[in-house]
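Welcome! Here is a short briefing to read beside the sequence and the 3D view.

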Amino acid sequence: GAFAFGLWRLRNMRSVTFLVFAALCLISTVWAVGDSCSFSNDCVGNPSGPYCAPVDNAVPPTLRCRPCQSMCDCAPGEFCILDHTSSYWDPSEVGTCRPYNYHGILGRQCIPLTQANVVRGQNDQLYCGLVTQWDQFSNRATQVAWEGVCHYGVCQMCEDGPGGMTVCGYNQRVCIGGVYQPYVFSDGTTRTLYGNATGAAATAITVFFVLFATAWTCV
């Protein structure tokens with residue numbers, strides 16, 4: 001009676017659990033195969049991205065469809081993980097975008113260093129960048145994910161320049177306050193979206209006061 005029903009129910013639950021597990025395995029396998037590519041044309045319409053990129057250190061490397069192949073494919077404030085030869089990254093991360101401050105490096109104390117003169121255990125904690133590979137003999141940095149700017153002893157993404165430093169021809173951005181921001185080109189000058197919005201607001205307020213003063217004078 002009740003015992004037999006309970007046993008039947010337990011068996012059915014096991015069957016359902018097995019089927020769910022099998023379905024998840026099948027979905028993950030199909031998804032992995034779906035990301036496979038040999039050329040960028042294989043990635044057309046693929047939700048994982050349009051670039052056919054190496055993602056591991058195999059010989060030959062495994063190729064997968066990915067969303068980025070340079071910083072310019074990412075949003076301002078993000079970098080593209082490109083180093084597929086390093087064990088620092090999981091293959092699922094290679095070819096994807098991550099925030100610059102993903103590891104809490106921005107804003108910390110630094111000294112002016114470049115990849116060429118960073119040595120693990122000596123000055124690496126003061127380097128404004130993310131090292132992903134070290135030489136096992138010299139302890140020098142052999143690969144970095146990104147390198148920022150040490151501005152007055154504080155690590156930041158980029159260095160401001162006259163009008164802001166613009167980079168990326170097809171996904172333009174500008175460096176303002178040490179941070180990359182999207183920008184628009186208007187009236188022959190580079191402006192951030194924030195700058196355009198605040199500028200428009202300031203103009204509107206000025207016009208309002210001029211009209212108010214004119215109306216008051218007429219009265």
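Helices (H or I, at least four residues) and strands (E, at least two) are DSSP runs, numbered from the N terminus. By that rule, Arg64 is found in strand 2 (residues 63–66). This is a predicted model, in which local features need pLDDT of at least 70, side-chain atom pairs count only at pLDDT 80 or more, and totals for chains, interfaces and linings use all residues. Residues are numbered from 1 along each chain as its sequence is written, and side-chain values use heavy atoms, with hydrogens and water left out.

**The overall picture**

- The protein has 2 helices and 12 strands.
- Along the sequence these follow the pattern α-β-β-β-β-β-β-β-β-β-β-β-β-α.
- Of the 219 residues in the protein, 28% are buried. Here buried means under 20% relative accessible area, exposed means over 50%, and partly exposed is in between (1.4 Å probe, protein chains only).
- Take the contacts (heavy atoms within 4.5 Å) between residues at least 6 apart in sequence: 33% of them join residues at least 24 apart.

**Aromatic rings**

- How many aromatic pairs does the structure hold? There are 5 aromatic pairs. Rings of Phe, Tyr and Trp (its six-membered ring) pair if their centres lie within 6.5 Å; planes under 30 degrees apart count as stacked, over 60 as edge-to-face and the rest as tilted.
- The pair of Phe79 and Trp89 is tilted, because the ring centres are 6.3 Å apart and the planes stand at 50°.
- Phe79 lies in strand 3 (residues 78–80) and Trp89 in the loop between strand 3 and strand 4 (97–99), so this pair ties together parts that are 10 residues apart in sequence.
- Both Phe79 and Trp89 are buried.
- Tyr88 and Trp89 form an edge-to-face pair, because their planes are at 70°, with ring centres 4.8 Å apart.
- Tyr88 is partly exposed at a relative accessible area of 35%, whereas Trp89 is buried at 6%.
- Ring pairs link Phe79, Tyr88, Trp89, Tyr100, Trp146 and Tyr180 into a cluster.

**Charged side chains**

- Side chains of opposite charge can pair when their charged atoms come close.
- A search of the whole structure finds 1 salt bridge, meaning a side-chain nitrogen of Lys or Arg within 4 Å of a carboxyl oxygen of Asp or Glu.
- Which side chains meet in a salt bridge? They are those of Arg98 and Glu93, at 3.7 Å from N to O. Both Arg98 and Glu93 are buried.
- Arg98 also lies over the face of Tyr102, 5.6 Å from the ring centre. A charge sits over a ring if NZ of Lys or CZ of Arg is within 6 Å of the ring centre and within 35 degrees of the ring normal.
- Arg64 is buried yet has no salt bridge, and its nearest side chain of opposite charge, Asp35, is 5.5 Å away. For charge, Lys and Arg count as positive and Asp and Glu as negative, while His and the chain ends are not counted.
- The side chains of Arg64 and Ser36 are joined by a polar contact of 2.9 Å. A polar contact is a pair of N or O atoms within 3.5 Å; within protein, one must be able to donate a hydrogen and the other to accept it, and residues adjacent in sequence count only if both atoms are side-chain atoms.

**Backbone details in the loops**

- Val59 and Pro60 are joined by a cis peptide bond, with omega about -5°. Pro60 sits in the loop between strand 1 (51–54) and strand 2.
- Asn139 is not a glycine, although its phi is positive at about 65°. Its place is in the loop between strand 5 (129–134) and strand 6 (141–147), and Asn139 is partly exposed at 27% relative accessibility.
- Tyr152 likewise has a positive phi, near 50°, in a residue other than glycine. Tyr152 belongs to the loop between strand 7 (149–151) and strand 8 (154–156) and is exposed, with a relative accessible area of 77%.

**Across the chain**

- Gly153 is in the loop between strand 7 and strand 8. Leaving aside residues up to four places away in sequence, Gly153 touches Arg108, Gln109 and Cys110.
- The C-alpha atoms of Gly153 and Gly107 are separated by 9.2 Å, with the residues 46 apart along the chain.
- Pro47 lies in the loop between helix 1 (2–35) and strand 1, and is exposed, with a relative accessible area of 67%.
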